[in-house]
Amino acid sequence: MAVWAGDEPGIIGRPVRARIVQVDHPGATVDYLAQPEVVQDMVRRGMLQWTGKADLKAAWLSVVSPSDVVGLKVFSAPGVNSGTRPAVVEAVVQGLLLAGIPATNIIVWDKLLLDLRLAGFTDLQTKYHIRLAGSLESGFDESVRYTNSLLGTLIAGDLDFDLHGTTSGRYSYVSKLVTSNMTKIISIAPLLNHNLAGVCGHLYSPSMGSVDNTGRFEVAAGRLAVAVPEIYAMRAVGDKVVLNITDALICQYQGEETSMLHYSTELHQIWISKDPVALDTMAIDELDRERQAKGILPQNNNRDLFQNAVLLQLGVADPAKIKLELVK
């Protein structure tokens, strides 16, 4: 089971504090467009602060090694304006290349390859000769599955779909892309609301992006509150995540998978942590502040999901146990 805490375990081994590095730069976006050179510098400064290393190559080598195959999990369905922004991913790719990881060992991935292409990641593939991959198109591993008592209606692409006449199932199989093709994962998630999960963040994105038969969970907040932490806690999923980066250049507080810049605020920030729960909790608080400032009624943030994640020792949700380090 994954335990993503800070640097200070308690006397019984439980996490007592998480670290988050927050980098601010007022020029990170202009008219809602990311400025690549500024974003690159933000990621550089954030990684130096996070790792405590003197140079960027050493910083990245403290997270990955040249022999790794690194998957950069993005959330691309909302497109280039509201999903994970290619400028943030590009800065990470540059750091990995500097650390000596071959371009062919860097995979930018999401559930659907089409979403990646529509969100502008093909340009990065062409420029750096890295790989793009969809977990759905990569097929699913019949030996690694998550079992839940909820029956789901199977659709084309699910491993058990139309297998001997099967139309429903209780299994969610993990993609071969995750089980076999990557040794480490870096989650890069946008600061974007989700009406049922609270935020399209570092728990929701890797979990729902790694497995099939997810429609049964996407219909109710209570179902996601159980399934998302349990899938993340699988050895094949959460144990591979070595770093989480929140793309907080822009905060979209309404609209989730639809790009709605009129429900967005330019924050000009990048957040870095090893703790997905701490980052997602911080994201929910920021989304609440933005809605309150605009006079929008609060929504259900699915705090149960994050409390369940804490019970599984996936991270820290208590703000009093989260250390925030600001880099201007």
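I started with the largest pocket and asked what lines it. Helix H7 gives the largest share of its lining, four residues. I am working on a predicted model, and I keep that in mind throughout.

**Entry 1. Largest pocket**

I looked up the volume next. The largest pocket holds about 410 Å³ of space. Its lining has 25 residues. Which of them lie nearest the centre? I noted Lys-111, Leu-112, Met-208, Thr-214 and Glu-218.

I then sorted the lining by element. Strand E7, residues 140-153, supplies at least two residues, and so does helix H7, residues 204-210. By class I find ten nonpolar, seven polar and eight charged residues.

**Entry 2. Second largest pocket**

I moved on to the second largest pocket. Its space comes to about 240 Å³. I listed 14 lining residues, and those closest to the centre are Ala-34, Val-80, Arg-85, Pro-86 and Ala-87. Which elements give two or more residues to this lining? They are strand E3 (33-34), helix H3 (86-98) and helix H5 (122-128).

H3 provides the largest share here, three residues. The class count for this lining is nine nonpolar, two polar and three charged.

**Entry 3. Helix H3**

Does the span agree with or depart from what 13 residues should give? At 1.5 Å a residue, H3 should span 18 Å. Its end C-alpha atoms are 18 Å apart, which agrees.

I also checked burial. H3 is mostly covered, with ten of its 13 residues buried. I wrote down the buried set: Pro-86, Ala-87, Val-88, Val-89, Glu-90, Ala-91, Val-92, Val-93, Gly-95 and Leu-96. Among them, Pro-86 and Ala-87 are also listed with the residues closest to the centre of the second largest pocket.

I looked just past the helix too. Gly-100 takes a positive phi there, about 95°.

**Entry 4. Aromatic pairs**

I counted ring pairs next. The total is four aromatic pairs. I took Tyr-171 and Tyr-173 as one case. Their ring centres lie 6.1 Å apart and their planes meet at 70°. Edge-to-face needs over 60 degrees, so I call this pair edge-to-face.

Are the two partners buried or exposed? Tyr-171 has 30% relative accessibility and counts as partly exposed. Tyr-173 is buried, because its relative accessible area is 5% and the cut-off is under 20%.

I then looked at Tyr-253 and Tyr-263. This pair is edge-to-face as well, with 6.2 Å centre to centre and 65° between the planes. Where do the partners sit? Tyr-253 and Tyr-263 are both in the loop between strand E11 (241-252) and strand E12 (264-273), ten residues apart. Tyr-253 is buried at 3% relative accessibility. Tyr-263 has a relative accessible area of 31%, so I class it as partly exposed.

**Entry 5. Charges over rings**

Last, I searched for charges over rings. Which residue lies over the face of Tyr-171? I found Arg-145, at 3.7 Å from the ring centre.

The charged end of Lys-73 sits over the ring of Trp-109, 5.5 Å from its centre.

Key
Residues numbered from 1 in each chain as written. Predicted model: local features only at pLDDT ≥ 70, side-chain atom pairs only at ≥ 80, totals over all residues. Heavy atoms only, no water. 1 Å grid on protein atoms, 1.4 Å probe; cavity = no way out; pocket = protein on both sides within 12 Å on 5 of 7 lines; lining within 4 Å. Points joined across faces, edges and corners; volume = space filled by probe spheres on them. Nonpolar A, V, L, I, M, F, W, Y, C, P; charged D, E, K, R; others polar. Phe/Tyr/Trp six-rings, centres within 6.5 Å; stacked < 30°, edge-to-face > 60°. Buried < 20%, exposed > 50% of the residue type's maximum accessible area, 1.4 Å probe, protein only. Lys NZ or Arg CZ within 6 Å of the ring centre and 35° of its normal. Expected span 1.5 Å × (residues − 1).
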